[in-house]
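The exercises below each set a task and then work through a solution step by step. Please keep the sequence and the structure in view while reading.

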Amino acid sequence: MKKFTKILCLIFAIVMVASCMVAVTSASSAYQTYTYSISGYPLLSPDAYTPDTTIDSEYMGLEVPIEGASDLLTDKNNNVYIADTKNNRIVCLDRYFKLRFTIDTFRNDNGVNDALTAPQGVFVTDENIWVCDTGASRIVVFDLEGNFVRQIGAPDSTLFETGAIYQPVALAVDQYDRIFVVSSTTQEGIIVMTGEGEFTGFIGAQAVTAGGVWEAIWKKFQTEEQKATETQKVASEFNNISIDSNGFIYVTTSTIEDASVAGAIEGKATDGTYMPVKMLNTNGDEIMRRNGFWPPAGEINYAKVGYDDEAIVGVSTIVDVAIGPEGTWSIIDQKRSKIYTYDDNGSLLFAFGDIGNMMGNIMKGGLAAITYQGSKMLVLDKQASKIVVYKRTEYGDILINALEAENNQEYDLAINYWTQILQRNSNFDAAYVGIGQAMYRNGEYEESLEQFEAAYDTENWSKSYKEIRKQWMSEYFILLIIIIVAVIAGFLFFFKFVNKVNKKATHSGKKKTFGEELAYGFHLIFHPFDGFWDLKHEKRGSVRAALVYLVITVLTFYYQSIGSGYLSNPQGLYSSIFVQVLSVLLPLALFVIANWCLTTLFEGEGSLKDIFIASCYSLVPLPLLMIPATVFANFATLEELDIVTMLYTIALVWVGLLLFFGTMITHDYTMGKNIITIAGTLVGMVFIIFIALLFSTLVTKMVDLVKNIITEIQFRV
């Protein structure tokens with residue numbers, strides 16, 4: 001009995017320890033790292049960065065705590081610089097986050113004591129510290145020891161001579177000492193100056209929003225006093241800037257209308273017109289690659305319920321961008337306290353962060369700036385007046401190693417690293433793409449197709465398939481020519497034969513055979529006016545032939561659903577034959593019934609049978625064009641799919657025109673009367689659907705009522 005009691009106590013102790021370990025593990029996770037699928041669903045991912053420590057003013061060694069800081073930056077020696085806006089200073093720390101010096105007061109170039117006023121931006125080059133002295137509307141330059149060098153005032157531009165306010169909030173300097181300045185009240189774009197402060201122009205002007213258009217018009221009627229006192233929002237302003245080692249400029253904005261950004265996200269836009277982050281060259285051209293599933297804009301599921309059951313809705317509020325290793329870059333969403341990191345193709349590598357008070361979380365509205373310090377990521381929490389330090393995990397190291405191998409063209413090594421990534425995260429589509437690209441560059445085109453298919457990467461799949469097709473065409477060129485000639489000859493022979501049958505049937509004077517009724521459809525689609533007249537008055541068609549064309553149309557749509565090829569249907573979605581039957585029969589039946597009901601009142605000469613036959617014969621162009629287009633889609637590259645789309649469009653327009661003229665000739669209407677009739681038919685189709693839904697609802701309620709009565713009787717009996 002004692003032995004049994006000891007065993008129970010041991011089991012109880014093990015369970016308690018395990019529970020505590022699970023609780024500690026759960027409690028230590030401040031956020032969940034994730035990416036997004038092609039369908040817009042978040043996919044959980046291992047952490048690429050984990051919180052390491054937090055740095056507050058006391059740890060830095062500051063007597064006056066940081067308050068309302070706006071910017072954070074590191075230099076090549078990993079020293080840290082903070083724009084401590086409310087305290088009117090720049091705080092300079094060493095790589096261990098200990099105070100080196102502060103920049104607040106100085107003697108300017110006139111020999112007068114001067115001081116910074118609400119500085120919001122800081123940038124460091126190999127020789128200087130550049131400060132956006134926002135409150136004083138100037139840029140002040142110091143050496144790396146904090147000694148004053150010079151100051152640069154407002155640009156020499158007529159824009160700032162007409163009442164516009166110059167408020168530099170962020171800047172970047174390239175390897176040629178060109179200065180790129182973001183002014184918070186300037187809509188003309190980024191201000192560009194030489195290293196000496198000479199104004200050279202604007203680049204990267206934002207698109208004018210709908211509200212901006214009205215304000216631009218209103219500006220024409222304003223007085224000079226109104227223009228001077230009112231901040232114009234003709235175009236969206238930038239709010240931050242960064243620059244990479246190649247001199248490419250990354251800028252962010254949070255003033256584009258939410259609806260415009262949301263539309264660009266949902267439309268998977270590849271241009272930067274309404275994107276909150278852009279990449280510009282020195283000429284101001286937008287050159288960012290947006291080849292991921294979703295454009296780089298922060299949160300994709302922007303209607304998600306978030307912190308403390310408070311709905312955090314709307315697109316991300318992007319306030320800063322930082323350049324990471326191996327072509328990666330990160331943006332921060334102040335609204336959600338999240339960080340999103342992308343590669344140089346614009347694919348999301350990982351997203352993490354959350355609102356909260358745990359280590360690794362950022363207070364609501366506190367995320368102000370981001371920068372990299374070697375393998376660490378630093379973010380500024382202005383609400384808590386601290387720096388949160390994240391260290392890169394093993395998973396993050398492997399990810400960077402894979403990107404480095406790709407950039408160094410070591411493709412076998414890249415495949416090895418991407419495989420390690422997939423062993424840790426099978427949902428990571430970028431790994432499949434990375435392996436596929438490495439295989440493509442190694443000439444393993446067929447093997448790369450499987451990798452691209454796993455990630456639904458149609459663009460790279462098309463490139464690999466194009467190489468495979470080149471090889472196939474070089475081997476079977478003669479056979480291909482024979483097939484093309486045979487297909488063309490077959491079409492010509494078929495139409496010649498059909499034409500011969502139709503001519504014979506026209507002059508025979510006998511009752512038309514089933515074959516002649518079918519053949520007549522190919523005459524009608526090219527000669528609709530006399531074709532529909534003879535279809536009705538000369539009895540050239542029949543219900544049985546119309547039904548055949550209807551069945552062929554259903555099968556055509558079904559074949560399009562299941563046989564379009566990978567590029568046309570990368571997710572492998574298809575509809576059952578039953579769905580295709582409904583999708584064809586239901587609209588056709590609605591059109592025929594609505595048209596018959598309406599034309600009966602409008603003195604139409606066509607019967608229900610005539611309308612049905614004419615409508616079915618009008619469907620002939622669909623299989624005639626859609627079947628070849630669907631076959632071609634299996635051999636087309638991504639660029640050639642436009643041909644498939646064009647053929648589908650031509651088929652639908654052709655059918656629409658045939659239905660229009662078929663209705664007009666069948667009922668012997670004028671053009672104007674037929675237009676009114678077609679419009680009324682469409683309205684009638686909607687009305688029939690409404691009546692059907694109403695009737696089905698009433699029937700359902702009656703059935704429920706009968707069930708309730710029977711149940712009540714059974715209960716009482």
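**Exercise 1. Describe the salt bridge of Arg138 and decide whether its two partners are buried or exposed.**

Solution. Begin with the pair itself: Arg138 forms a salt bridge with Asp133, and their closest N and O atoms lie 2.8 Å apart. The term stands for a side-chain nitrogen of Lys or Arg within 4 Å of a carboxyl oxygen of Asp or Glu. This is a predicted model, in which local features need pLDDT of at least 70 and side-chain atom pairs count only at pLDDT 80 or more, while totals for chains, interfaces and linings use all residues. Residues are numbered from 1 along each chain as its sequence is written, and side-chain values use heavy atoms, with hydrogens and water left out.

Next, consider the cover of each partner, where buried means under 20% relative accessible area, exposed means over 50%, and partly exposed lies in between (1.4 Å probe, protein chains only). Arg138 is buried because its relative accessible area is 9%, and Asp133 is buried because its value is 0%. Finally, look beyond the pair: Asp114, Asp133 and Arg138 are linked in a network of salt bridges.

**Exercise 2. Place Val173 in the chain and list its contacts away from its sequence neighbours.**

Solution. First locate the residue: Val173 is found in strand 14, which covers residues 168-173. Helices (H or I, at least four residues) and strands (E, at least two) are DSSP runs, numbered from the N terminus. Val173 counts as buried because its relative accessibility is 5%.

Now collect the contacts, where contact means heavy atoms within 4.5 Å. Leaving aside neighbours within four places in sequence, Val173 touches Phe123, Thr125, Trp130, Arg178, Ile179 and Ile243. One of these, Thr125, is 48 residues away from Val173 in sequence, yet the two are 7.3 Å apart in space, C-alpha to C-alpha.

**Exercise 3. Find which residues form the charged surface patches, and where some of them sit.**

Solution. Patches are made of residues with over 30% relative accessible area and no salt bridge, with like charges joined within 9 Å and nonpolar side chains (Val, Leu, Ile, Met, Phe, Trp, Tyr) within 5 Å. Lys and Arg count as positive and Asp and Glu as negative, while His and the chain ends are not counted; the place of a charge is taken as NZ of Lys, CZ of Arg, CG of Asp or CD of Glu.

The negative patch gathers Asp412, Glu444, Glu446, Glu447, Glu450 and Glu453. Helix 9, residues 445-454, gives the most to this patch, with four residues. Glu447 lies in helix 9 and is partly exposed, with a relative accessible area of 41%.

The positive patch is formed by Lys496, Lys500, Lys504 and Lys510. Lys510 is found in the loop between helix 11 and helix 12, and it counts as exposed because its relative accessibility is 62%.

**Exercise 4. Identify the residues of the nonpolar surface patch, then consider the chain as a whole.**

Solution. Phe477, Ile478, Ile481, Ile482, Ile484, Val485, Ile488 and Leu492 make a nonpolar surface patch of about 800 Å², with accessible areas coming from the Shrake-Rupley method with a 1.4 Å probe, and with only the protein chains shown counting as cover for residues. Leu492 is in helix 11, and at 59% relative accessibility it counts as exposed.

For the whole chain, the tally is 19 helices and 27 strands. Buried residues make up 47% of the 717 residues, and the chain exposes about 36200 Å², of which carbon and sulfur atoms supply 60%.
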